[in-house]
Amino acid sequence: MDVSDTATLREEQERERALHRTRAEGPRPTGLCLFCGLVVTHGRRWCDAECRDEWQAWSDHARQDRKA
Ligand SMILES: [Zn+2]
């Protein structure tokens, strides 16, 4: 394995890690609740646990639809 192989492998791992991070955490905060669209505190993605749960259920459902 030469140096370029190592670099490619590292890029691969970085991309893999980034994918996992995205999958684990979901979308980035936009300043608006992802479920109802209300303005939320900076860094938050939902106004409360209820919105988060609803959004989670909705996105799980959407994923299942896509699979079927
Ligand atoms: Zn909300």
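The model is predicted: local features need pLDDT of at least 70, side-chain atom pairs count only at pLDDT 80 or more, and totals for chains, interfaces and linings use all residues. Residues are numbered from 1 along each chain as its sequence is written.

The secondary structure consists of two helices and zero strands; helices (H or I, at least four residues) and strands (E, at least two) are DSSP runs, numbered from the N terminus. Of the protein's 68 residues, 4% count as buried. A residue is buried if 20 or more other C-beta atoms lie within 10 Å of its own, exposed if 12 or fewer, and partly exposed in between, with C-beta atoms placed from the backbone.

Helix α2 has 19 residues and reaches 27 Å from its first C-alpha to its last, close to the 27 Å expected at 1.5 Å a residue; the expected span is 1.5 Å times one less than the number of residues. None of the 19 residues of α2 is buried.

The loop between α1 (3–25) and α2 (49–67) holds F35, and G43 is found in the loop between α1 and α2 as well. F35 counts as buried because 20 other C-beta atoms lie within 10 Å, whereas G43 is exposed because it has 8.

| Pair | Apart along the chain | C-alpha separation |
|---|---|---|
| F35 and R45 | 10 residues | 8.5 Å |
| G43 and R28 | 15 residues | 8.4 Å |
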